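Let's take a walk through this one, starting with charged pairs and working out to the overall fold. Keep the viewer open as you read.

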Amino acid sequence: MKLKLLSLLMVVGATQVSAQVTDAMITNAGNDTTSVLSWGMGTQGQRYSTLTNINTSNVSKLVPAWTMSFGGEKQRGQESQPLVYKGKMFVTASYSRIFAIDVKTGEKIWKYEHRLPEGIMPCCDVVNRGAALYGNLVIFGTLDAQLVALDQDTGKVVWREKIDDYAAGYSQTAAPLIAEGLLLTGVSGGEFGVVGRVEARDPKTGKMVWSRPVVEGHMGYKDGKENGITGTTNATWPGETWKTGGAATWLGGTYDAKTGLAYFGTGNPGPWNSHVRKGDNLYSASTVAIDVKTGKIAWHYQTTPNDAWDFDGVNEFVTYDQDGKRMGAKADRNGFFYVIDATNGKLQNAFPFVKGNTWAKSIDLATGRPVFDPANRPGDPSGPGGDGTKGTEVFAAPGFLGGKNQMPMAYSPKSKMFYVPTNEWGMDIHNEPISYKKGGAFLGAGFTIKPLFDDHIGSLRAYDPKTGKMAWEVKNNAPLWGGVLTTAGDLVFWGTPEGYLKAADAKTGKVLWQFQTGSGVVAPPITWNDGADQYVSVVSGWGGAVPLWGGDVAKKVNFLEQGGSVWTFKLSH
Ligand code: CA
């Protein structure tokens, strides 16, 4: 008994001495409201806080506590979710920068600006979506496809590892994920014929533990040894097409300690022209569930087989409990919302969450496959209606920027609702012949994004995942590109490209508060508390894919100004 007590004291002593972020803390993040330790506010990605200090009755009294500018001439898209730990906020910014900020005053403690080479090839603005915390390190990915780990206190680089060759189109924009003592990352570069994969490293050293490609035919590795080929070579890709198959895992992943699985979405197959790769093209445009211990794919669910519309299936897979079962939900870029058994990948429900879907009529719940509308697949350049250089043009919706894109949704276990940032748009699209060239755009398509409705493109929507019914929506003129936060105070927070951070009643959608941040918000808000004071933070800075790729929509919103700052709010007393 004495011995037991002594060892318990020693453990307590050890945790007090070291202010290190541990696996237990990350797993338990949902119960620690004083920190924000991971992207998604918990590895399940629910973006839900149990805090109620700020609620529907007092949110109108929310005022700025501080703001901090990212400075410089690098005011581009800011898609970053801040982290909060031990009095510091860690926030990444455009052009592979990261800042540590005093969370009480907003004063800068240190910054790190990654030295980027000339030839980086980010497809969709020079964004970064956030960092990971582990031990005394803060770790983030860079646009030249590296991982950098810095000391939380000093900002000094502790280790740096190259993920891949930026000259071949690889880059890194997602927040890394910590699961079971490993640092899990994906890759960006789906428009350049890269090979998507998930990698696990020792977060303390950056040393590779396992690597799992998500395109069939490629070999996985674990501890330096072969760990089995992904899928069956040439089962769903003809000829050599799998070698440049895309499926970039560019939005990172989520992890559920109950299932032991990490869930990564995979992007479009390469090239966009679907006629040169007839077949399902596994595991592109899918969710893959990877056993973190073995580095092998436990199950997959493909949302868009033989994708022809750039429907990257990267969207976050958010796990939650429904009727005693562990489910996962995904609002896919293809415009359908999927409810999937998180333990085995079996489809439970699927429904459209945007109104204009034309590429598929529905999702067959028995087979799990979309019921395609063949008339809305862009035609083969050498097929009927094609002249060898250009195939038949079609109008398809959603447009390739998706019913939902990189902006993460939130789930409230209290209301049992998903709060989904959506966009209604379509596109004219046609296919062209294309061949792979290292570092060249690997598309074989021409396209123009167009709005569907006069009064809105964006809309924040509340969905019941069981019934597929929309409880409410708040329309927005410009496309929504930030993420969502929900709280036990019955609030939903989200930002708009017009610059507002908004809060609405989670039950009714009634907007109760808004604040103009000075530039467009394309990042997800967070919340935490210090004693009785609850804080809300969000990054502001318009940019991302819409101004670069948005066609007619980009013209419609070209009045929006760029920026780069982080705002923190609290209740006025
Ligand atoms: Ca893509």
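Which residue forms a salt bridge with Asp 332? The partner is Lys 330, with the closest N and O atoms 3.3 Å apart. A salt bridge here is a side-chain nitrogen of Lys or Arg within 4 Å of a carboxyl oxygen of Asp or Glu. Asp 332 counts as buried, at 0% relative accessibility, and Lys 330 is buried at 0% too. (Buried means under 20% relative accessible area, exposed over 50%, and partly exposed in between, with a 1.4 Å probe and protein chains only.)

Before going further, a word on the ground rules. This is a predicted model, where local features need pLDDT of at least 70 and side-chain atom pairs count only at pLDDT 80 or more, while totals for chains, interfaces and linings use all residues. Residues are numbered from 1 along each chain as its sequence is written, and side-chain values use heavy atoms, with hydrogens and water left out.

Back to the charges. A search of the whole structure turns up 30 salt bridges. One of them pairs Asp 125 with Arg 76, the closest N and O atoms being 3.0 Å apart. This pair links distant parts of the chain, 49 residues apart: Asp 125 is in the loop between strand 6 (108-113) and strand 7 (132-134), and Arg 76 is in the loop between strand 2 (62-69) and strand 3 (83-85). Strands (E, at least two residues) and helices (H or I, at least four) are DSSP runs, numbered from the N terminus. Asp 125 is buried, with a relative accessible area of 5%, whereas Arg 76 counts as partly exposed at 25%.

Now look at Arg 129 and Glu 79, whose side chains meet in a salt bridge at 2.9 Å, N to O. They also link distant parts of the chain, 50 residues apart, with Arg 129 in the loop between strand 6 and strand 7 and Glu 79 in the loop between strand 2 and strand 3. Both Arg 129 and Glu 79 are buried.

Asp 310 and Asp 312 are both buried.

What about the rings? The structure holds 35 aromatic pairs. Phe 336 and Trp 359 form an edge-to-face one, 5.9 Å centre to centre with 80° between the planes. Rings of Phe, Tyr and Trp (its six-membered ring) pair if their centres lie within 6.5 Å; planes under 30 degrees apart count as stacked, over 60 as edge-to-face and the rest as tilted. Both Phe 336 and Trp 359 are buried. Elsewhere, ring pairs link Tyr 320, Phe 337, Phe 351, Tyr 411, Phe 418 and Tyr 463 into a cluster.

Finally, zoom out. The protein has 4 helices and 40 strands. Of its 573 residues, 63% count as buried. The C-alpha trace spans about 75 × 55 × 50 Å along its principal axes.
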